[in-house]
Amino acid sequence: MSTDTKFVHLAWQRDEKMLEKVKYIMGSDPNARLSKMFGVYDKEAGLDLRGTFIISPEGKLMNSEVNYFNLGRNVEEILRKVRANIHLNAHQNEGCPAKWQKEGDKTLQPSAKMVGRVFYALE
Amino acid sequence: MSEHYGIRVGEMVPDFKIETYEPSKGDFGAISLTELKAAKKWTVLFFYPADFTFV
């Protein structure tokens, strides 16, 4: 998503070799309606900040992360959050700890027994 | 200064519709949140300043 038109998206994807294998859909938001909705439009620069938002199939906003213009994002971490959201949507009484990476990794189920014993629960 | 309308985590996202370029088809299109919800898809919105930039 950027405030570029779809025509510029086409030109960029076709010209820049780094984008040769891009499969995701490139969205165009020339009047910044969507970036304003998500609070990432910088009025002075006239550009979008580097915001990442994960939306569930029900339409609920589950994650929000915003970087300044000059800091790139870690795609692995974004994919980890998507995997965790998918898991948690199906197992709403669980929690995915910071080091959770993928389906099958240990999750936590908050209980009286676990209070002050998270170290042992993660073992 | 960024303009803050600002949907917060945990809130429902209002419907939106955007024009798109789809590299896998080599063609233009459009997509809406309503369509994505109907298809039971997770959506990652990835904003960046501009095409032909660097980070």
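**Across the chains**

Select strand S4 (residues 50–55) of chain A and S4(B): the two pair in the antiparallel sense over four bridges. Strands pair here if DSSP finds at least two bridges between them. Helices (H or I, at least four residues) and strands (E, at least two) are DSSP runs, numbered from the N terminus. This is a predicted model: local features need pLDDT of at least 70, side-chain atom pairs count only at pLDDT 80 or more, and totals for chains, interfaces and linings use all residues. Residues are numbered from 1 along each chain as its sequence is written, while chains are lettered from A and ligands numbered from 1 in the order in which they are written.

Now pick Phe53(A). Its bridge partner in S4(B) is Leu45(B).

**The sheet**

The open sheet of three strands runs S5(A)-S4(A)-S4(B), with antiparallel pairing. Strand S5 (61–67) of chain A and strand S4 (43–46) of chain B are the edge strands, and each pairs on one side only. From one strand to the next, the twist averages 10°. Axes for such angles are lines fitted to C-alpha atoms, for helices over the stretch in contact, and angles run from 0 to 180 degrees between N-to-C directions.

Show helix H3 (residues 75–90) of chain A next. H3 packs on the sheet and touches S4 and S5 of chain A together with S4 of chain B. The direction of H3 makes about 20° with that of S4(A). Contact means that two C-beta atoms, placed from the backbone, lie within 7 Å.

**The hairpin**

Stay on chain A. S4(A) and S5(A) pair in the antiparallel sense over six bridges. Ile55(A) has Leu61(A) as its bridge partner in S5(A). Five residues lie between the strands of this hairpin, where Gly59(A) takes a positive phi near 95°.

**The contact between chains**

Colour both sides of the contact: 53 residues come from chain A and 38 residues from chain B. On chain B, at least two residues each come from strand S1 (2–3), strand S2 (17–22), strand S3 (27–32), helix H1 (33–38) and S4. S2(B) gives the largest share of that side, five residues. By class, the side of chain B that touches chain A has 23 nonpolar, seven polar and eight charged residues. Ala, Val, Leu, Ile, Met, Phe, Trp, Tyr, Cys and Pro count as nonpolar, Asp, Glu, Lys and Arg as charged, and the others, Gly among them, as polar.

Select S2(B) with strand S1 (residues 26–28) of chain A. They pair in the antiparallel sense over three bridges. Gly27(A) stands opposite Thr20(B).

**Met114(A)**

Go to the loop between H3 and helix H4 (118–121) of chain A, where Met114(A) is found. Not counting residues up to four places away in sequence, Met114(A) touches Leu108(A) and Ala121(A).

**Zoom out**

Chain A has four helices and five strands. The C-alpha trace spans about 55 × 30 × 30 Å along its principal axes. Of the 123 residues of chain A, 23% count as buried.

How values were computed:
A residue is buried if 20 or more other C-beta atoms lie within 10 Å of its own, exposed if 12 or fewer, and partly exposed in between; C-beta atoms are placed from the backbone.
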